[in-house]
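Here is a friendly note to read alongside the model. Please keep the structure open and find each residue as you go.

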Amino acid sequence: MQIIKDPLEMQQIALAVRAAGKRLGVVPTMGFLHAGHLSLVQLAHERSDVVVLTLFVNPTQFGPKEDLAKYPRDFERDAELCRTAGVDILFAPEAGAMYAPDASSYVSEEKLTRGLCGASRPGHFRGVCTVVAKLFNLCLPHVAVFGAKDAQQLRVIRRMTRDLNFPIEIVAGPTIREPDGLALSSRNVYLSAAERRQALVLKRALDEAARLFKSGERAAAALRAAMEQIITQAPAARIDYIEIVDDDTLEPVPTLTRPTLIALAVFLGKTRLIDNAVL
Ligand code: AMP
């Protein structure tokens, strides 16, 4: 496995891989890897000859009061996991190499980012779109793999890729969970033992919404009320949002008549967790 830190060296390697007629797959991450990330590496392997995992804790997607400084990092462990997973190139640039001090160009998606995490985290998706566009230009992939766990992010990146004509296929991998249902997340390490137990309310609420839906309930308000009731039973939980939105437009729907995304963000203590399901 090659470890590349210099963005322009990454781009030169990508050009050489493409010139040799090989397919490139990229898995963008912020590191502190877990089985969710590695499942995306597997999907990238199935669709390409050379797999690049990018590891970059992108400062421009963190708000001023968010956890950029304390975001968990362990480069040696990540590199070992990448080797074991058969990653060909680990691209791990420094922030200073990615952004010039006077960088002033950004990529914004302006519709799908209005609600959900876009509303709770102003500027977050501008940072995400900007860094993903830069990673696309540096890694020049044929295919890029993202997790369904970050539902809004996946839809925003698909939209950006279409709107800006990146010649890249966007592939989604399913959410990988702990045996008890908690979605894997690098941020789970922040949870105390009590918060970790109570974090199960996210999946429980989604399962209850799915159960009600299967039994014929179509009113978004009824699903939301049932989810709220489950989450508020956990003393450490504070709901950031529960949104029931059209899966394509991400606009709120009163009644479930088309594929609908149920997305939620819940604080457990200071840790903000997200999860979602499509009904
Ligand atoms: P992150 O390092 O948290 O920015 O995530 C990098 C990529 O891994 C994103 O495409 C995420 O959607 C994806 N991802 C994170 N957690 C999971 C999970 N539990 N299952 C599948 N993919 C995930």
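1. Start with the kinds of residue around the ligand. By class, the shell holds eight nonpolar, seven polar and two charged residues. Keep in mind as you look that this is a predicted model.

2. Now look at who sits there. The ligand is surrounded by 17 residues, and the closest of them are His37, Gly147, Asp150, Ile176 and Leu184.

3. For Gly147, turn to the backbone, where an N or O atom lies 2.9 Å from a ligand oxygen atom. Leu184 also uses its backbone, with a polar atom 2.9 Å from a nitrogen atom of the ligand.

4. How much of the ligand does the protein bury? Taken alone, the ligand exposes 490 Å², and the protein buries 92% of that.

5. Next, trace the shell back to the fold. Strand E2 (24–29), helix H2 (35–47) and strand E5 (143–147) are the elements that give two or more residues to it. H2 gives the most, with three residues.

6. Finally, move to the largest nonpolar core, which has 45 residues; Phe91 and Phe136 touch the most other members. Helix H6 (residues 124–139) supplies the largest share of this core, 10 residues. Why does the core lie between domain 1 (2–173) and domain 2 (186–274)? Because both domains give residues to it.

Technical notes: Residues are numbered from 1 along each chain as its sequence is written. This is a predicted model: local features need pLDDT of at least 70, side-chain atom pairs count only at pLDDT 80 or more; totals for chains, interfaces and linings use all residues. Side-chain values use heavy atoms; hydrogens and water are left out. A residue is near a molecule or strand if one of its heavy atoms lies within 4 Å of it. A polar contact is a pair of N or O atoms within 3.5 Å; within protein, one must be able to donate a hydrogen and the other to accept it, and residues adjacent in sequence count only if both atoms are side-chain atoms. Accessible areas come from the Shrake-Rupley method with a 1.4 Å probe; for residues, only the protein chains shown count as cover. Helices (H or I, at least four residues) and strands (E, at least two) are DSSP runs, numbered from the N terminus. Ala, Val, Leu, Ile, Met, Phe, Trp, Tyr, Cys and Pro count as nonpolar, Asp, Glu, Lys and Arg as charged, and the others, Gly among them, as polar. A nonpolar core is a set of buried Ala, Val, Leu, Ile, Met, Phe, Trp, Tyr and Cys residues joined through side-chain atoms within 4.5 Å. Buried means under 20% relative accessible area, exposed over 50%, partly exposed in between (1.4 Å probe, protein chains only). Domain bounds come from an automatic or database domain assignment.
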